[in-house]
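Here is a walk through a protein chain, taken one piece at a time. Have the sequence and the 3D view ready, and follow along as the pieces come up.

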Amino acid sequence: MYFERQDPETRQFVAPEECAQDIKELGASLIFAMSHGSHELFHSNIWAWLINKDQAFVKVFFPDVKGRFLRVKREEGNRDLTIWMENADGKEKAYVIENKFKSFPRKGQLLDYREGLNDKFAEGLLVALNVPDGFDSAAWRVCTQVEICKRIEDVLKKSALADQERVTIADYIAMTRKMSKVLSAYLEKLGDRWSLALCRDRGEAEPDGDLESIKLGDVFKKINASRLVAYLEGQNEIQALRQKIRNFKPELELEISHDFLHKLPVLNCEIVRRYDPGDLKKKIAIGVMLQGHSFARCACSFDKAKFRSAETLYRALKLEGKWFDDKSFLLPGLRLMSQRKEYKQYVTNDYTVTYQDIGLVCDTFAWIAQEVLEQLNRIVDLLNDGNLNAFFMPPGVTENEGAVT
């Protein structure tokens, strides 16, 4: 597989020409400039303002809502927007809006919001700029930013907002539509690709300069990374592997997520054992990481006593035929990268990450899915052979006290 890699220079990304005018107009928009601090907060604040001004705007988000409006709260219980209504029985009910501009929430996050409200939860709405096919919203309704704008326009026709307020909201709607149009055009042009052309090393010029000029380059990359996560989660082989791991070792979980570091999108596919559900950092994990051009085998631990440094983590997984220093993984990468360290590391006060990487060249979602599955299956083989029992031991437990149960 590694010997059939494509030349990244043949896979360059060319910005859609039809977006030039919209990008120019966004760059000149005061409303758009005001949204740069935090796109998600910006939209949520406008929606809360509208609802407080005219309760009819509640139906923009929950068309079938009934009862008496009580209040709308921002960031209550970490929820973006919570609209409280009183039903016919005099009980308070919560209608929750989760606004995801750059990515998509974990299914567990939506479930947590619902469970946190218990019987007060009435309905949930996830609003996103773009929603990938097959996205699991944990039974919440899903709506796009553009659809919300259309509904706001409809309610605005009958609203008692002042003329100047109407003008401001009209500018907001026009800005949101242009932004969605531009990002959608870029995503359609990119297709199902991670896009090496958009993953330059720090210091290199950004080929998506138009998006960078209006501060949407990072947003575009984050949305694309979330699309890759959704693509992987939609693979039957991934779901089958997740179930296989649960059946074999119930304390382990396959987790697929994305992040953004140093202006580069990051994909994490890890087999994880968590030791503290309240602190997501408290885990030990082994898996693969994709960051820009780098495709890596990695391991992560929060247990500073057991793995005192990146080197001890590296040595624990270095044994012949184990995870690190596996020539079948590393040798092809040596031809693609001019310099190589024995291992690389990312160390904080809480946790340590050790990894070995090769240069990624083929950037299609299909190829990445195939490669991720190959590496995850290698970890399952190590689990089956008992080679990771010591690695996954809980803090303070030695291998002599028994294998993971």
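Let's start with a word we'll need: a residue is buried if its relative accessible area is under 20%, exposed if over 50%, and partly exposed in between, using a 1.4 Å probe and protein chains only. This is a predicted model, in which local features need pLDDT of at least 70 and side-chain atom pairs count only at pLDDT 80 or more, while totals for chains, interfaces and linings use all residues. Residues are numbered from 1 along each chain as its sequence is written, and side-chain values use heavy atoms, with hydrogens and water left out.

Now for the overall picture. Of the 405 residues in the protein chain, 49% count as buried. The secondary structure comes to 13 helices and eleven strands; these are DSSP runs numbered from the N terminus, with helices being H or I of at least four residues and strands E of at least two.

Strands of a sheet pair through backbone hydrogen bonds, either parallel or antiparallel. Here, two strands count as paired if DSSP finds at least two bridges between them. This sheet is open, its order is 1-2-3-4-5, and its pairing is mixed. Strand 1 (68–76) and strand 5 (141–144) sit at the edges with a single partner strand each, so one side of each has no neighbour in the sheet. From one strand to the next, the twist averages 20°; angles run from 0 to 180 degrees between N-to-C directions, and axes are lines fitted to C-alpha atoms, for helices over the stretch in contact. Strand 4 (residues 121–128) pairs with strand 5 in the parallel sense over four bridges, and Ala128 has Thr144 in strand 5 as its bridge partner.

What packs on this sheet? Helix 3 does, touching strand 1, strand 2 (79–86), strand 3 (92–100) and strand 4, and its direction makes about 160° with that of strand 1. Touching means contact, that is, heavy atoms within 4.5 Å. Helix 6 lies across strand 3, strand 4 and strand 5, at about 80° to strand 5.

These two helices also meet each other. The axes of helix 3 and helix 6 (residues 145–156) come within 13 Å and cross at roughly 20°. Helix 3 and helix 6 are therefore roughly parallel, a label for angles under 35 degrees. Where they meet, His43, Trp47 and Leu50 in helix 3 face Gln145, Ile148 and Ile152 in helix 6.

Which strand is mostly covered? That is strand 8, with nine of its nine residues buried. Nine bridges join strand 7 to strand 8, and eight join strand 8 (residues 283–291) to strand 9 (residues 294–301), antiparallel to it. Ile284 has Ser301 in strand 9 as its bridge partner.

How values were computed
Angles under 35 degrees count as roughly parallel, over 145 as roughly antiparallel, 65 to 115 as roughly perpendicular and the rest as oblique.
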